[in-house]
Amino acid sequence: MAMFNLTVNGRRQTVDVDPATPLLYVLNDDLELRGPKFGCGLGQCGACTVIVKGRAVRSCMTPVNTVGGAEITTLEGLGTPEKPHPIQQAFIDEQAVQCGYCMSGVILTAKAFLDQNPRATDAQLQQALSNVLCRCGVNVRMMKAIRRYATQGVRA
Amino acid sequence: MTRLTPEAALSRREFIARSGALIVTFGAAAAAGRLGLAPGTAAAQGINGNPATQLDAWIAIGADGRVTAYTGKCELGQGLFTAQTQLVAEELGVPIDRVTLIMCDTDRTPDQGTTSGAQSHPANFNQANLALAGATAREALVQMASTRLGVPAEQLVARDGAVQVTGDATRRVSYGELVGGRTFNLPLSRQARRKHPSTWTVLGTPVQRLDIPAMVTGRYEYAQDVRVPGMRHGRVVRPPSPGATLASVDEASVRDLPGNVRVVTRKNWVGVVADKPFQAIQAAQRLKVQWNPAPALPAQASWYDYMRSRPTRETFTTNSGDVDANLKSAARIMRSTYLYPYQMHGSLGTSAAVADVRQDRATIWSSSQAVWPLRNTVATVLGMKPDQVRIQFRLGPGCYGVNQADSVSYDAAILSQADGRPVRVQLSRQDEMAWENYGLAFVIDQQVGLDAGNTIVAWDYIGWSPAKGGRPGGNNPGNVVSGNVAGYQIQGFAPRSPAPAPSGDFDNGNNVASSYVTGCVGSMCGGTGVVKSERFLSKVIESPFFTGPLRSPNRLQNTFAHESFLDEIAASVKADPVEYRLRHLRDPRLREVVTAAAKAANWDTRPSPRPGGRRNGVATGRGIACVLYEGDNGYCATVAEVTVDQDTGVVQVRRFVSALDCGPISNPDGVRNQMEGGLIQGISRTVREEVRWDATRVQSVDWRSYPPFYLHDQLPVIESVLINRADVPATGAGETTVTVAAAAIGNAIFDATGVRLRQVPFTPERIKEALGTRNSTA
Ligand code: FES
Ligand code: FES
């Protein structure tokens with residue numbers, strides 16, 4: 001066990017865990033966050049995605065001791081049900097959800113990419129969503145929601 | 001006048017306990033049969049449970065006028081939470097934000113058995129259960145107001161949480177004043193009049209889902225998120241192959257690990273529990289376990305022949321007795337065989353549950369779709385009585401049938417009982433995939449006789465499918481892996497051949513019979529078609545793997561075979577696929593969805609394949625398929641347009657046009673979302689998904705060895721046509737489009753290339769092989 005200082009959604013938090021623990025378990029169990037989810041633990045689905053230093057990162061494959069003091073943003077760090085982030089609002093507007101378990105992978109991967117590539121083409125966007133999985137098959141609505149956000153030009 | 005009694009805190013539970021004591025329900029046998037289970041579990045499965053008949057079990061009105069409704073049909077990601085809230089708001093005449101819906105808690109809500117098989121709308125949106133409760137409550141409130149205001153009930157209207165005199169909004173009395181905080185103490189009234197769909201203002205409108213804001217902002221509590229004080233973390237160690245038994249466990253192998261590791265065994269069940277999840281994972285990996293090997297699995301290369309060679313349990317859906325004679329005298333006979341693989345539910349998240357097992361009481365948080373059967377079976381596992389166990393449903397990742405939500409609930413219960421503390425278990429991806437209850441593989445032999453005018457005169461079907469376990473039912477947890485390895489028997493398999501003559505009503509719950517036959521049993525005909533000479537024989541064999549209902553169980557596989565075969569027949573007689581379908585369909589609603597889908601797709605009327613197609617490069621084609629889901633539960637037709645790259649064998653669906661008639665529509669946007677999801681799943685299952693195994697174990701254990709349709713994959717355009725009918729009962733909608741997708745895609749590939757694919761999935765290798773055969777025989 002060892003102590004780590006993490007900055008998650010703007011708050012500094014200290015945890016005492018095995019240094020090899022995947023970040024996902026720390027976020028879920030030590031910090032009781034619900035956004036990032038265990039899907040595969042293998043980097044194949046995206047359900048565990050968080051944003052670290054502006055990039056979408058799969059927290060199931062990221063040992064906690066490799067994160068350092070970097071700013072970590074989870075799905076709950078973007079907005080709240082009362083005041084959703086524009087990309088979250090786009091998913092509400094398009095009703096682009098069924099079970100919702102894939103949300104971290106879809107929303108955070110798209111957001112991180114569009115923040116860095118605001119003028120991305122549809123093909124580039126689709127490429128950026130490589131190995132992001134939604135088993136409920138909401139793909140069509142999700143792409144609509146992401147495009148709606150992209151064309152708003154609103155980046156928070 | 002209604003007499004009100006003061007609310008007693010326990011009254012709801014007490015009478016639910018009483019009314020829920022009898023589990024056997026009428027119609028349960030048919031329901032279990034539809035789930036592909038051997039008879040015997042039928043009564044205990046009770047798909048719709050034994051819901052309460054007292055109004056107070058369903059609806060309560062607080063002193064502040066807020067409405068609380070209780071339902072036993074659960075949100076599974078299909079939007080049912082919102083649709084049921086709309087229903088209650090509509091029937092009671094209150095704004096939607098004044099309704100609180102409590103879902104699927106065995107201590108609080110009516111026993112509605114299992115949420116599955118697109119049965120939730122039929123159960124709760126017709127003249128019964130939740131809808132009837134809403135109507136009963138509204139009529140009771142109007143009666144009370146009539147007495148209070150001294151105005152005849154006919155001159156009153158229930159609106160906006162109050163009863164008022166029609167045309168005089170100043171003379172009103174609110175629900176809170178009428179019953180607030182007390183019970184109705186009334187039975188559900190069979191005579192209660194539901195609001196007519198033409199007057200709906202909340203139901204039938206595209207209300208946004210109430211749960212989505214919490215989901216997109218990471219606030220929603222899934223089963224995977226449940227945390228209780230003092231909770232520890234468990235992990236299971238499953239056998240290395242189906243049938244392997246436990247030889248020994250070396251507890252010393254994990255003694256030096258951190259986290260207060262405890263090892264628990266029970267028969268062939270092995271698990272560990274530790275303070276933190278990562279500690280439990282490491283302990284499970286480190287634990288030295290010896291297993292006695294199991295006999296080899298049947299070779300996958302000859303799997304479909306193996307299926308034909310096994311002892312069978314046989315059932316006729318219909319048998320007119322004259323099929324052999326009519327085939328003999330037919331002008332021409334056509335035959336084809338269709339093959340369908342085992343497929344997975346493959347939920348995006350692995351199953352998880354939390355169990356808090358005390359001396360005389362246990363609580364389980366679970367995403368099982370079968371909340372009441374789970375309560376009974378957890379009680380069996382723990383040696384308790386069902387009323388000592390409380391199941392609190394929490395949504396899990398989309399499940400589409402029976403993933404390991406039930407199984408992991410037993411895992412957590414066993415560990416919590418042994419550890420004396422609450423325990424959370426979430427499975428590994430490998431354990432989820434290797435041991436879930438797969439959707440059924442099928443071998444289907446089809447044969448028809450045609451007359452001189454190319455009309456079908458006889459239809460002959462034999463379908464083989466494997467079964468092992470299923471939804472845990474009755475008091476038997478052995479139908480899923482954890483219960484089985486813990487020592488409970490799998491639902492027995494009893495061969496039966498020949499099949500007895502069909503009796504009772506025509507039951508096409510598995511869509512065993514095609515849409516084109518009359519479906520006669522005795523003098524009653526329940527089919528949708530015109531072909532009178534019909535024989536549909538199902539042969540169930542024992543499966544080497546656990547099986548269970550996977551979205552559109554059996555209905556999908558049978559529909560793939562029927563709708564592909566009909567297309568083959570149409571092509572061989574050079575008929576247009578739509579025209580040839582209509583020639584053999586008599587049901588007006590099924591005919592209408594076929595016509596509507598074709599019209600919306602701008603269907604190009606001509607026989608398949610498309611004339612003048614090229615032999616290389618990219619070919620395009622269109623295909624159609626239709627179904628009356630479960631024989632009586634939703635009409636759907638879908639047109640698929642595809643491109644086939646004849647050099648690489650890659651097929652891409654460019655466009656789907658689906659027409660659906662599911663009676664009065666509760667929420668059109670919700671229905672569209674379900675239709676779209678079913679079609680995308682349909683692509684994934686049709687072109688990619690197949691469970692693979694070797695001699696000892698399942699090899700499909702992650703998303704590389706079981707490749708799915710990803711967000712980076714090429715998407716089709718999807719158009720949905722909804723046929724809204726006010727004056728018929730509500731039917732299912734959620735499983736219709738996935739049922740027809742495979743056939744529509746296969747028929748479109750044939751139209752594009754002239755190649756008929758009779759085995760799912762349509763992988764590039766299979767398509768190239770078929771194209772190679774076409775080119776060499778041309
Ligand atoms: S859980 Fe991390 S990629 Fe699947
Ligand atoms: S909405 Fe269920 S996995 Fe995407």
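# A guided tour of the predicted model

**Stop 1: the aromatic cluster in chain B.** Select Tyr338(B), Tyr340(B), Trp459(B), Tyr461(B), Tyr516(B), Phe536(B), Phe560(B), Phe565(B) and Phe762(B): together they form one aromatic cluster. Keep in mind that the model is predicted.

**Stop 2: two ring pairs.** How many aromatic pairs are there over all chains? The count comes to 20. Show Tyr342(B) and Trp693(B). Their ring centres are 5.8 Å apart and their planes meet at 75°, so this pair is edge-to-face. For that label the angle must be over 60 degrees. The two partners are 351 residues apart in chain B. Tyr342(B) is in the loop between strand S15 (332-340) and strand S16 (352-357). Trp693(B) is in the loop between helix H19 (668-687) and strand S28 (717-722). Are these two residues buried or exposed? Tyr342(B) and Trp693(B) are both buried.

Next, go back to two members of the cluster, Trp459(B) and Phe565(B). They form an edge-to-face pair, with 5.8 Å from centre to centre and 85° between the planes. Trp459(B) belongs to strand S21 (residues 456-467) of chain B, and Phe565(B) belongs to helix H16 (residues 555-572) of chain B. The pair links distant parts of the chain, 106 residues apart. Why does Trp459(B) count as buried? Its relative accessible area is 0%, and buried means under 20%. Phe565(B) is also at 0%, so it counts as buried.

**Stop 3: lysines over rings.** Select Lys37(A) and Tyr101(A). The lysine lies over the face of Tyr101(A), at 5.7 Å from the ring centre. Then jump to chain B. Lys468(B) lies over the face of Phe546(B), at 4.6 Å from the ring centre.

**Stop 4: the nonpolar cores.** In soluble globular proteins, nonpolar side chains tend to be buried together. The largest nonpolar core here has 244 residues. Which residues have the most contacts inside it? They are Phe91(A), Met142(A), Ile59(B), Phe184(B) and Trp459(B). Helix H6 (residues 129-149) of chain B gives the largest share of this core, 11 residues. Another core lies apart from it, with 16 residues, including Val26(A), Leu27(A), Val50(A) and Val67(A).

Zoom in on Met142(A). Beyond its neighbours within four places in sequence, it is in contact with residues including Phe91(A), Val106(A) and, from chain B, Leu711(B).

Now pick Val106(A), in helix H4 of chain A. Val106(A) is buried, with a relative accessible area of 0%. Leaving aside neighbours within four places in sequence, its contacts include Phe91(A), Met142(A), Ile146(A) and Leu711(B). Val106(A) and Ile146(A) are 40 residues apart along the chain, with 8.9 Å between their C-alpha atoms.

**Stop 5: a glycine facing chain B.** Find Gly100(A), in the loop between helix H3 (86-93) and helix H4 (103-116) of chain A. Gly100(A) is buried, with a relative accessible area of 7%. What does Gly100(A) touch, not counting residues up to four places away in sequence? Met215(B) and Tyr222(B). The C-alpha atoms of Gly100(A) and Val138(A) are separated by 9.6 Å, and the two residues are 38 apart along the chain.

**Stop 6: the domains of chain B.** Colour by domain. The assignment gives domain 1 (55-215), domain 2 (223-294 + 345-435) and domain 3 (551-778). The centres of domain 2 and domain 3 of chain B are 39 Å apart, taken over C-alpha atoms. Each of these two domains puts 10 residues into the contact between them.

**Stop 7: backbone details.** Most residues other than glycine have a negative phi, and most peptide bonds are trans. Look at the exceptions. The peptide bond from Ser497(B) to Pro498(B) is cis, with omega near 0°. The bond from Ser608(B) to Pro609(B) is also cis, with omega near -5°. Asn511(B) has a positive phi of about 50°, and this residue is buried, at 4% relative accessible area. Ser552(B) has a positive phi of about 65°. Ser552(B) is buried too, at 0%.

**Last stop: confidence.** Colour by pLDDT. Chain A averages 95, and chain B averages 91. Now select residues 1-45 of chain B, where the pLDDT is below 50. Where pLDDT is low, the predicted coordinates should not be read in detail. For the complex, the predictor gives an ipTM of 0.97 and a pTM of 0.92.

Notes: Residues are numbered from 1 along each chain as its sequence is written. Chains are lettered from A and ligands numbered from 1 in the order in which they are written. This is a predicted model: local features need pLDDT of at least 70, side-chain atom pairs count only at pLDDT 80 or more; totals for chains, interfaces and linings use all residues. Side-chain values use heavy atoms; hydrogens and water are left out. Rings of Phe, Tyr and Trp (its six-membered ring) pair if their centres lie within 6.5 Å; planes under 30 degrees apart count as stacked, over 60 as edge-to-face and the rest as tilted. Helices (H or I, at least four residues) and strands (E, at least two) are DSSP runs, numbered from the N terminus. Buried means under 20% relative accessible area, exposed over 50%, partly exposed in between (1.4 Å probe, protein chains only). A charge sits over a ring if NZ of Lys or CZ of Arg is within 6 Å of the ring centre and within 35 degrees of the ring normal. pLDDT is the predictor's confidence in each residue, from 0 to 100. A nonpolar core is a set of buried Ala, Val, Leu, Ile, Met, Phe, Trp, Tyr and Cys residues joined through side-chain atoms within 4.5 Å. Contact means heavy atoms within 4.5 Å. Domain bounds come from an automatic or database domain assignment.
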